[in-house]
Amino acid sequence: MAMWRRVASLSPLIRSSSSCKLAFLNQVAYRLNISELFTTEVNESPLTKKDLFISFVLGGPGSGKGTQCAKIVETFGHVHLSAGELLRRELISNSECAAMILNTIKEGKIVPSEVTVKLIQKEMESIDNHKFLIDGFPRNEENRKAFEKIIRADPDVVLFFDCPEEEMVKRVLNRNEGRVDDNKETVKKRLEVFYASHLPVINYYSQKGKLYKIEAVGTEDEIFERVRPVFAAFEHGPK
C-alpha cells in the first residue's frame with residue numbers, strides 16, 4: 001500500500017496522456033522498483049492496422065546514408081524518418097515532453113530510448129503510408145529492444161553503409177557544415193563511439209538475416225545501384 005501511495009502522489013503527472021509523459025513515468029516506476037504496476041495492456045496502436053514495411057538505416061558519420069535515404073524515398077516512395085531530427089524538432093516545441101528532454105540533456109544524461117521510440121511511433125501513426133525508412137536508428141541495443149517492445153514490429157530491412165574510416169573522415173571534413181567538432185580528431189572519436197554502440201545491433205540483425213551491407217565507396221549513383229536491388233526485391237515479391 002505504501003508503494004501505491006507513492007505512485008498516487010504522481011497523479012498530477014498522470015493526467016497527461018502524452019507519449020513522453022508515459023515514458024517519463026516508466027522511468028519513475030523503475031526508480032521505485034514497481035515497474036510491474038505499469039504492465040497493463042496498451043491500447044491498440046493505429047500502426048497495427050498498417051501492413052508495415054520498416055527499414056533501419058545505419059552508417060557512420062560521412063558514410064552517405066542521408067544521401068541514399070533521399071534516393072530511396074524518391075525511387076520507392078518510403079517515408080524518411082530521422083530519430084535525431086524528431087528529437088531536435090520536439091526540443092524546439094513548447095511541449096512538456098520537450099522540457100523533460102531538455103532537463104535530461106542538461107543533467108548530462110542520455111534521453112531514454114522509450115522517449116525516442118515514442119516520438120517515432122507518433123510520427124509513424126500520423127502518416128498515411130506504410131513504408132518507413134528510419135535513419136540513424138537504432139543506435140544501440142537499448143534502442144533496438146525499446147523499438148521491438150513499443151512498436152511490436154521487427155524491421156524488414158537493415159541497411160548498413162560500410163565505408164572505410166579515412167573516407168568518412170575526409171567526407172565529414174569536406175562537407176563544411178560549420179560544426180565546431182568537424183576536425184579530424186573529433187570525427188575519429190565519433191566513429192569510435194559509433195562502432196562501439198552500433199556493432200552489437202549490426203551483428204544482431206546479421207544473425208537474423210536482415211542485414212544488407214552496402215559498400216559505400218563510389219559516386220552517389222554507383223552506391224545507389226547497390227541499394228536499389230534490396231528494395232526492388234521486396235517491391236516485386238511478397239514480404
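Biologist: Which elements do the buried residues of α10 pack against?

Modeller: In this predicted model, the buried residues of α10 pack against β1 (53-59), α8 (141-151), β4 (157-162), α9 (165-175) and β5 (211-215). Contact here requires heavy atoms within 4.5 Å.

Biologist: What makes Val187, Leu191, Phe194, His198, Val201, Ile202 and Tyr205 the buried residues of α10?

Modeller: Buried means under 20% relative accessible area, and in α10 that term applies to Val187, Leu191, Phe194, His198, Val201, Ile202 and Tyr205. An α-helix has 3.6 residues a turn, so residues three or four places apart point the same way.

Biologist: Where in α10 does the kink lie?

Modeller: The kink, of about 40°, lies at histidine 198, shortly before proline 200. That angle is taken between axes fitted to the seven residues ending there and the seven starting there. After α10 comes glycine 209, with a positive phi near 75°.

Biologist: Why is the set containing Ile120 called a nonpolar core?

Modeller: It is so called because its members are buried residues of nonpolar core types, joined through side-chain atoms within 4.5 Å. The largest such core has 28 residues, of which Ile120, Met124, Ile134 and Phe147 touch the most other members. Elements giving two or more residues to this core include β1, α7 (113-126), α8 and α10. Another core, of 23 residues, lies apart from it and includes Phe76 and Phe224.

How values were computed: Residues are numbered from 1 along each chain as its sequence is written. This is a predicted model: local features need pLDDT of at least 70, side-chain atom pairs count only at pLDDT 80 or more; totals for chains, interfaces and linings use all residues. Side-chain values use heavy atoms; hydrogens and water are left out. Helices (H or I, at least four residues) and strands (E, at least two) are DSSP runs, numbered from the N terminus. Buried means under 20% relative accessible area, exposed over 50%, partly exposed in between (1.4 Å probe, protein chains only).
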